[in-house]
Amino acid sequence: MKKTRSPTLRRETTLVHAGRDYCEHGFVNPPVYHGSTVLFPDTDTLHDESRGYRYARRASPTSLAVEDAVAGIEGGYKSKVSPSGLAAITTTLLAFLKSGDHLLMVDSVYGPIRYFCDTLLKGFGVATTYYDPLIGSAIASLIRPETRLVYCESPGSQTMEVQDVPAIAKAAHERDCLICFDNTWSGGYYFRPFSHGCDISVQAGTKYLGGHSDVMAGTITCTEQTWPRLKEAFETMGQCLGPDDMFLLLRGLRTLEVRLERHHKNALAVAQWLRTRPEVATVLYPALSNAPGHELWKRDFTGASGLFSVVLQPAKRLAVDRMLDSLTLFGMGASWGGYESLVLPFKATRTAAASEPSGPCLRFHIGLENPDDLIADLAQGFKCLAAAA
């Protein structure tokens, strides 16, 4: 007999129990279904469109377990799981935009999405305007009669601008525009998109949902109103994720809260130390008091993840490279959200009222190591920076 859980469970409890209605035979974890074909015992069942499983690309007990869990965490109606975060975002844009439509895209967006908008989406007849992430309610001045979607990412990719999402959502909804929000930085946990006016939430599940640098996945969560259109487009484009990756995503999701808590604690310690260093001009981490965006972060978020950026004092590239090469605990890699610490130099691409940083930029992901060890590694790295100056 299936037990009914309280609808008012706290989020830590939801992380443990969401999506477990598909468990069988007393096992704690839902089974991993490797399969494509679903057999029908008779023609009555074959013609019954209400049957839950018809083809594995559309649904399996494994996929529904993951999707129910993600929707429960984000506070949305339903979710879909795609092969990557990039696939989740591009699928969403294609689902809600058509030729002749106009998209308002935040200028601090994840780089590959900018490329998608400027190439494929443009070729499909969709116009994109990049807007200042700090625009707030003034975004109303950029909305045209043909604007259909406003896309937010907060904090912004690399440069960490915190957006006034409720103000943007209010202005957009007054003009019948939808809001899509990239919730990857918060792991879908520290920011409640649908409570702040969003209509669609996307994530790179590769990052914090997976949490172990061993899975590629993306998630799309919708309101009840936006779900039918997303579901149709998602299935029409043949999107799906393999069952083993779904299993890894579901496994990682169970420990999301405790991992994020440690990422937040460690990142805060390292960011505070970096703030004291003469080699550092600015630490871009909204969880720091007096940091850019701190007040909005404190208002809208319940915690911070391990990702932040720093702007160094002016330095030669060779010196920065020597510093990075000397680090032993920070890997250099394009992803983040796993248990390990990472660092990556970057140059921000901006077109809408953004000033150039005064010095070289580094993006850090602070992992689950002891922060004192990470600080010691960075301290010797700064010595190498000075020696090569």
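**A cis proline, two helix pairs and the overall fold**

Pro-155 sits in the loop that runs between strand 4 (147–153) and helix 6 (165–173); helices (H or I, at least four residues) and strands (E, at least two) are DSSP runs, numbered from the N terminus. The peptide bond joining Ser-154 to Pro-155 is cis, with omega at about -5°. The model is a predicted one, so local features need pLDDT of at least 70 and side-chain atom pairs count only at pLDDT 80 or more, while totals for chains, interfaces and linings use all residues. Residues are numbered from 1 along each chain as its sequence is written, and side-chain values use heavy atoms, with hydrogens and water left out.

The loop between strand 4 and helix 6 also holds Met-160. Phi of Met-160 is near 65°, a positive value in a residue other than glycine. Met-160 counts as buried because its relative accessibility is 3%; buried means under 20% relative accessible area, exposed over 50%, and partly exposed in between (1.4 Å probe, protein chains only). Asp-176 belongs to the loop between helix 6 and strand 5 (178–182). With a relative accessibility of 71%, Asp-176 counts as exposed. As background, most residues other than glycine have a negative phi, and most peptide bonds are trans.

Next come the helix pairs. Helix 9 (residues 256–275) and helix 12 (residues 371–388) have axes that come within 9 Å and cross at roughly 30°. Here axes are lines fitted to C-alpha atoms, for helices over the stretch in contact, and angles run from 0 to 180 degrees between N-to-C directions. Helix 9 is therefore roughly parallel to helix 12, given that angles under 35 degrees count as roughly parallel, over 145 as roughly antiparallel, 65 to 115 as roughly perpendicular and the rest as oblique. The crossing of helix 9 and helix 12 is right-handed; a crossing is right-handed if the near helix is turned clockwise from the far one by less than a right angle, and left-handed if anticlockwise. From helix 9, the contact draws on Asn-266, Ala-269, Val-270, Trp-273 and Leu-274, and from helix 12 on Pro-371, Leu-374, Ile-375, Leu-378, Ala-379 and Phe-382. Contact means heavy atoms within 4.5 Å. By type, the residues where helix 9 meets helix 12 split into ten nonpolar, one polar and no charged. In this scheme Ala, Val, Leu, Ile, Met, Phe, Trp, Tyr, Cys and Pro count as nonpolar, Asp, Glu, Lys and Arg as charged, and the others, Gly among them, as polar.

Helix 4 and helix 5 (residues 111–123) pack at an angle of about 40°, and their axes are 11 Å apart. That makes helix 4 oblique to helix 5, and the crossing of the pair is right-handed. Leu-86, Ile-89, Thr-90, Leu-93 and Leu-94 on the helix 4 side meet Pro-112, Ile-113, Phe-116, Cys-117 and Leu-121 on the helix 5 side. The tally for the contact of helix 4 with helix 5 is nine nonpolar, one polar and no charged.

Thr-90, in helix 4 (residues 85–96), counts as buried at 14% relative accessibility. Neighbours within four places in sequence aside, Thr-90 is in contact with Ile-113 and Phe-116. Ala-87 lies in helix 4 too and is buried, with a relative accessible area of 13%. Setting aside residues up to four places away in sequence, Ala-87 touches Ser-82 and Gln-239. Ala-87 and Ala-204 are 117 residues apart in sequence, yet their C-alpha atoms are 9.0 Å apart in space.

Another threonine, Thr-14, is placed in helix 1 (residues 11–17) and is buried, its relative accessible area being 17%. Between the C-alpha atoms of Thr-14 and Ala-69, 55 residues apart along the chain, the separation is 7.9 Å. Not counting residues up to four places away in sequence, Thr-14 touches Leu-9, Gly-72 and Ile-73.

As for the whole protein, there are twelve helices and eleven strands. A compact globule of 389 residues would have a radius of gyration near 21 Å, and the protein agrees with this at 22 Å; the radius is taken over C-alpha atoms, and the globule rule is 2.2 Å times the number of residues to the power 0.38. Along the principal axes, the C-alpha atoms fill a box of roughly 75 × 50 × 35 Å. Of the 389 residues, 51% count as buried. Among contacts with a separation of 6 or more, 71% come from residues 24 or more positions apart.
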